[in-house]
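Please read it with the sequence and coordinates at hand.

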Amino acid sequence: MSNFYTKNRKFYLSQQKIKPIIEDLENNFQNSGSDAIHSHEEAEQWYDMVLKNAGDICSNFIWPRSEEVDIKGATFKDGIVEWADATKENMKILGDAGYLGGTLPRQYGGLNLPVTINSAIVEMVSQADASLMNLYGLQDIAVTVFKFGTEEQKNRVLPKFCHGEVSGSMALTEPDAGSDLQAVQLKGIEKDGKWYLDGVKRFITNGSGEISLVLARSEKGSKGGRGLSMFLYERYRDDNMIVRRIEDKHGIHGSPTCELQFNMAECELVGKRKFGLIKYVMSLMNGARLGVSAQALGIAQAAYEEAVKYANEREQFGKTIVNIPAVYQMLKNMQAEIETSRLLFYKTATAVDFEDMYERKHSKGENVRQELKQAKSIADILTPLSKFVITEMANKVCYDSVQIHGGCGYMKDFPVERLSRDARITNIYEGTTQLQVVAVLSGLKSNILKNELDDFKSYEVQNLKSEKELIAAFIDEYYKVFESIKSVNNRDFFDYVGNHITEIISIIYRLVLFLPIADKNDEKADLFKFYLYESMSRLNYLIDRIETFKISYGDKIEKLKNDFIN
Amino acid sequence: MKKIVVLAKQVPDTANITGKAMKDDGTINRAVLPAIFNPEDLNALEMALEIKDKIDAEVHVITMGPPRAIDILKHALYMGADKAALITDRKFAAADTLATSYSLSGAIEKIGDVDLVLAGRQAIDGDTAQVGPQVADKIGFNQITYVSKLQEITDDYIIVQRDGETQTEVIKSKFPVLLTVTDEANNPRYSNCLNMLKFFKSNIPSAFSDDERKIAEENGWVIPSYDLESLELDAEKCGLNGSPTKVHKIKSITLTGGNLEMYDNQHTGIHKLIDDIKKDYIEVD
């Protein structure tokens, strides 16, 4: 029986150092009772079972249904949204097996898993059916309620999520507030001590779900992000929200994308008034971005496996096409990009785990202010960096996988046609690639990754000495280029080459993560070297390009837009 | 509350053979075959759990086998069974269906007050389909074999569909009754993560040290194991002693393709085909 919890996933997961996280989550192994975990060995043994079981469900139950989900899709009739039958079955299977409250505490029926372990499950679900991830991944709403809701809200809502009785949505986007959420207009109105929502939300994934977290303007007449608060809306308690329509989309057909109209719908405030955007959405968004990275990585894995399979089956010129250099060139690049992406993805999940851990300690009154600040800044740069790398990578992998399939790849008969449609949204929603660049640049300006880059330089290498020197030289080069860009002292120029500098750091950072692993694991050394050789030419190209643009345009970069301004 | 007992067997995975499955003497080489939960026993367990989802019921799973058969009992607990027990004794070894059904019947009587026994139609290693019916006979239950669908369950009766070769029967029965279930009946559920957490440390009593056992008992991790004596069975009816089935000879047959012969599709060709079949002693109606 095939299982999506592969050796490869297991290997990269095992590279993450999550022991402190496990100890904190499991109350330093001091709990008692039949569901208590008493040691790292027990935790690892159980996580392994949880992952294997998920891999089995994804490979043998969900994946075979993904074509049907794509064809039928979610439907809308007389104001009612319905998931495809196969989607319903998928959610039921995952719910019955206990996966719908992955990171929520067990007191609510959750599994209390580290984000790192849960992220590996989300990746497998995405490989099996990308559109299912949108519904499955909306557990993030429950996590937000858990972090910021009242005890009463938590006790009411969280068990419902864990038992699969409800699904949810995060209702942020509006017709005139997409990337710029500060422009949100939907009103939150306080009347006689109760809150009501009034207005329209658009492009809301699973907006038809029973529970929505809604961003709304609670401060009448205000402008900008500080007039916004977060609200908890429960459809089973109030019926003054209607779904106006669902979108007819390019991909992820299993996931309904809704337009919602709130007509003075009763709701509850979540957390503190006016903190909606600046605190809660940021928290929600980081979780959602990690989820979309998982989604993209899963799609890429599926497209890559389809490409390998097809290349081994298809014969042309008297041989299987896998033997043709132009084909195995694409496959090799896919493999290197996927594995280094997975490394970056798990590392990012672990960074989020550390931030969460220090937040828990902080809220218990421990003095960890400094650690929390540091962990948060690392999670805040790695989350957009991952999304930048992985969602673009997934699109490229799908593109090449279609190419390897030739004409067949353009036909609906092969899964790669669907995969390439599903991948296309990942670098758009939850913040476009261009917005991820902005977030990464802000972290780079504060030199957030400095410690890790310094640590790499002092890493005592066993086998890959010359490779380490090469990477160290590129780190120096990166700092030089960054200073050089800043010296132009022009905001437009900085942003114009921002994607290049982000790509440079994304490659260097993956090399920094990969080398110590390849240094100790012979079976990874070849792939590491291949990735390094590919990276060197790419890095040199990007550095050259930045310098050329600096010399050719520099602070005159703005004139490049002149042809397009009406 | 209805008390349900599911009979389960750990079998070599004949669908995923990883090496030479048959030893030179013609017996099964268990070392190269992964041990799994007999597939149709999973269907029986799923039916028990579906009944439990609908009415007040308690699901017991029992298996007879060596200590490593504990793995399938744990799997049953992960799926949602309430209790499990291992029937193990060297004296049970080499049992045929008669001796096996005798030992299992002893265990069912030990559990006591059982309303419903569910078993897979047959195991993929022996393929006899005899154990379920023989158990029913020994414990004095009515039996419905080849159950392909659970139609209705109440506290007073059960209605199931039974697949025959040429017809389907719908049968209503009072309790107690024993059913053997086919793979048509349902799709066995996956393990539940929280059940895995609760029971992954489960084992038979002798696997725990004295100190561990107390905690293990408090937490429900001890899976009771019964031997010949504790079930008060007659040694002469168990294991090899109680097994009248004697294998006379095992022949390993390899089917090889011979020369391909073409017949024309006229009368003469067809008559020649019939003659050749007769000549090769292949019987036809």
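The expected span of a helix is 1.5 Å times one less than its number of residues. Helices (H or I, at least four residues) and strands (E, at least two) are DSSP runs, numbered from the N terminus. This is a predicted model, in which local features need pLDDT of at least 70 and side-chain atom pairs count only at pLDDT 80 or more, while totals for chains, interfaces and linings use all residues. Residues are numbered from 1 along each chain as its sequence is written, and chains are lettered from A and ligands numbered from 1 in the order in which they are written.

**Chain B overall**

- Chain B contains seven helices and eleven strands.
- Along the principal axes, the C-alpha atoms of chain B fill a box of roughly 80 × 45 × 40 Å.
- Buried residues make up 39% of the 285 in chain B; a residue is buried if 20 or more other C-beta atoms lie within 10 Å of its own, exposed if 12 or fewer, and partly exposed in between, with C-beta atoms placed from the backbone.
- Of the chain B contacts (C-beta atoms, placed from the backbone, within 7 Å) between residues at least 6 apart in sequence, 68% join residues at least 24 apart.

**Helix H3 of chain B**

- Helix H3 (residues 97-111) of chain B has 15 residues and spans 21 Å from first C-alpha to last, close to the 21 Å expected at 1.5 Å a residue.
- The buried residues of H3(B) include B:Ala99, B:Tyr102, B:Leu104 and B:Ile108.
- Those buried residues pack against several elements of chain B, among them strand S1 (2-8), strand S4 (57-64) and helix H4 (131-139).
- After H3(B) comes B:Gly112, with a positive phi near 75 degrees.

**Strands S8 and S9 of chain B**

- Strand S8 (residues 157-163) of chain B runs antiparallel to S9(B), and seven bridges join them; two strands pair if DSSP finds at least two bridges between them.
- A hairpin of four residues connects S8(B) to S9(B).
- B:Gln161 lies opposite B:Val170 in S9(B).
- Strand S9 (residues 168-174) of chain B lies largely in the open, because the number buried among its seven residues is zero.

**Interface and confidence**

- Chain B puts twelve residues in contact with 16 residues of chain A.
- On the chain B side, the residues touching chain A are six nonpolar, four polar and two charged; Ala, Val, Leu, Ile, Met, Phe, Trp, Tyr, Cys and Pro count as nonpolar, Asp, Glu, Lys and Arg as charged, and the others, Gly among them, as polar.
- Chain A has a mean pLDDT (the predictor's confidence in each residue, from 0 to 100) of 96, and 100% of its residues reach 70 or more.

Notes: Contact = placed C-beta atoms within 7 Å.
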